[in-house]
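Subject: Structure for you to look at

Hello,

Here is the structure I said I would pass on. My notes on the helix packing and the nonpolar cores follow below it.

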Amino acid sequence: MHTGKQLSTEIDATVPTAARMYDYYLGGKDNYAADRTAVEELDKVVPSTRRLALNNRRFLQRVVRTLTQEYGIRQYLDHGSGLPTQDNVHQVSQRIDPTTHVVYVDNDPMVLVHGRALLEQDERTVVIQADLRDTHGIFGHAETQRLIDFDEPVCVLFNSVFHCIPDSDTDGPLAVANRVRERLAPGSFMVMCQLVSEDEKVREFVTGFMDQVTQGHWGRVRQEKDVEVLFEGLEILEPGLVEVSTWRPDTEVAPRQLTQEWIEFGGVGRIPA
């Protein structure tokens with residue numbers, strides 16, 4: 001099991017990170033030339049990635065709004081949250097109920113710096129630096145303990161992050177999801193999605209490319225069946241496990257993922273009572 005080795009606090013502008021590449025796709029300013037170059041190379045093979053990143057962000061916002069408004073969730077634990085953009089989890093949820101508590105988790109030191117600056121005045125929201133596989137360290141962190149009551153329902157988010165970790169019996173997506181699930185109260189929710197492709201050439205290219213440019217901070221582009229196994233035993237909210245732009249769209253004309261070389265696939269599961 002992942003023991004939470006010491007994470008770097010140094011920001012290396014020469015090595016792209018998934019968080020900063022995602023930031024660039026979303027139109028953010030917290031990225032470097034290395035991140036932008038990596039994005040340009042990636043776009044040559046998978047040109048729909050910018051739309052995919054935007055659709056994924058909108059999915060996150062719809063999920064949080066739905067769970068806060070319709071299911072009464074008032075605490076969120078967001079793994080691999082990435083750099084602050086517009087309408088983060090705490091902003092969406094606190095518009096509905098200002099007392100909502102949010103803990104963001106990321107291993108990127110830049111996320112920590114920017115997140116803490118953004119949230120300095122917000123006692124109900126915090127960013128902690130941790131590897132998303134370090135379940136024990138995350139759940140036991142003083143700030144998590146301060147803000148999250150695990151005897152009550154909580155929403156745990158793994159939004160577009162499982163492709164960043166490799167397969168492993170003890171630290172792969174399924175092992176991590178199961179460890180987290182065991183710690184959650186009935187009525188809690190798990191939001192899980194990741195990049196998938198049914199095209200073997202796309203899977204091989206993106207996996208190899210991202211592993212190379214991030215210097216090993218990458219896992220694997222998987223298939224839909226690999227995501228489906230994460231939800232076994234959970235009550236899956238309608239409309240099920242889907243390409244995320246089709247999860248409860250706000251309108252009939254909401255942006256859809258038009259090209260299918262790879263997609264963001266997943267959904268929302270509830271821990272049975």
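Axes here are lines fitted to C-alpha atoms, for helices over the stretch in contact, and angles between their N-to-C directions run from 0 to 180 degrees. Please keep in mind that this is a predicted model.

Helix α1 (residues 18-25) and α3 have axes that come within 9 Å and cross at roughly 95°. Since angles of 65 to 115 degrees count as roughly perpendicular, α1 is therefore roughly perpendicular to α3. On the α1 side the contact is made by Tyr22, Tyr24 and Tyr25, which meet Thr49, Arg50, Ala53, Leu54, Asn56 and Arg57 in α3. By type, the residues of this contact between α1 and α3 are five nonpolar, two polar and two charged.

Helix α3 (residues 49-71) also packs against helix α4 (residues 89-96), at an angle of about 30° and with the axes 9 Å apart. That angle makes α3 roughly parallel to α4. The crossing of α3 past α4 is right-handed. From α3, the contact uses Leu60, Gln61, Val64, Arg65, Thr68 and Gln69, and from α4 it uses Val89, Val92, Ser93 and Ile96. Five of the residues in the contact of α3 with α4 are nonpolar, four are polar and one is charged.

Which residues of α4 are buried? They are Val89, His90, Val92, Ser93 and Gln94. Their cover includes α3, β1 (75-79), β2, α5 (109-118), β3 and β4.

Now the cores. The largest nonpolar core has 33 residues, and Leu77, Val103, Phe158, Phe162, Leu184, Met190 and Met192 touch the most other members. At least two residues of this core come from each of β2 (101-106), β3 (125-129), α6 (135-140), β4, α8 (173-182), β5 (189-196) and β8 (263-270). Another core, of 26 residues, lies apart from it and includes Val63, Val102, Tyr104 and Leu157.

Leaving out residues up to four places away in sequence, Met192 touches Phe158, Phe162, Ala177, Leu230, Phe231, Leu234, Phe265, Gly266 and Gly267.

Val156 lies in strand β4 (residues 155-159). Val156 has a relative accessible area of 0%, so it is buried. The C-alpha atoms of Val156 and Ala34 are 31 Å apart, and 122 residues separate the two along the chain.

Regards

Methods:
Residues are numbered from 1 along each chain as its sequence is written. This is a predicted model: local features need pLDDT of at least 70, side-chain atom pairs count only at pLDDT 80 or more; totals for chains, interfaces and linings use all residues. Side-chain values use heavy atoms; hydrogens and water are left out. Helices (H or I, at least four residues) and strands (E, at least two) are DSSP runs, numbered from the N terminus. Angles under 35 degrees count as roughly parallel, over 145 as roughly antiparallel, 65 to 115 as roughly perpendicular and the rest as oblique. A crossing is left-handed if the near helix is turned anticlockwise from the far one by less than a right angle, and right-handed if clockwise. Contact means heavy atoms within 4.5 Å. Ala, Val, Leu, Ile, Met, Phe, Trp, Tyr, Cys and Pro count as nonpolar, Asp, Glu, Lys and Arg as charged, and the others, Gly among them, as polar. Buried means under 20% relative accessible area, exposed over 50%, partly exposed in between (1.4 Å probe, protein chains only). A nonpolar core is a set of buried Ala, Val, Leu, Ile, Met, Phe, Trp, Tyr and Cys residues joined through side-chain atoms within 4.5 Å.
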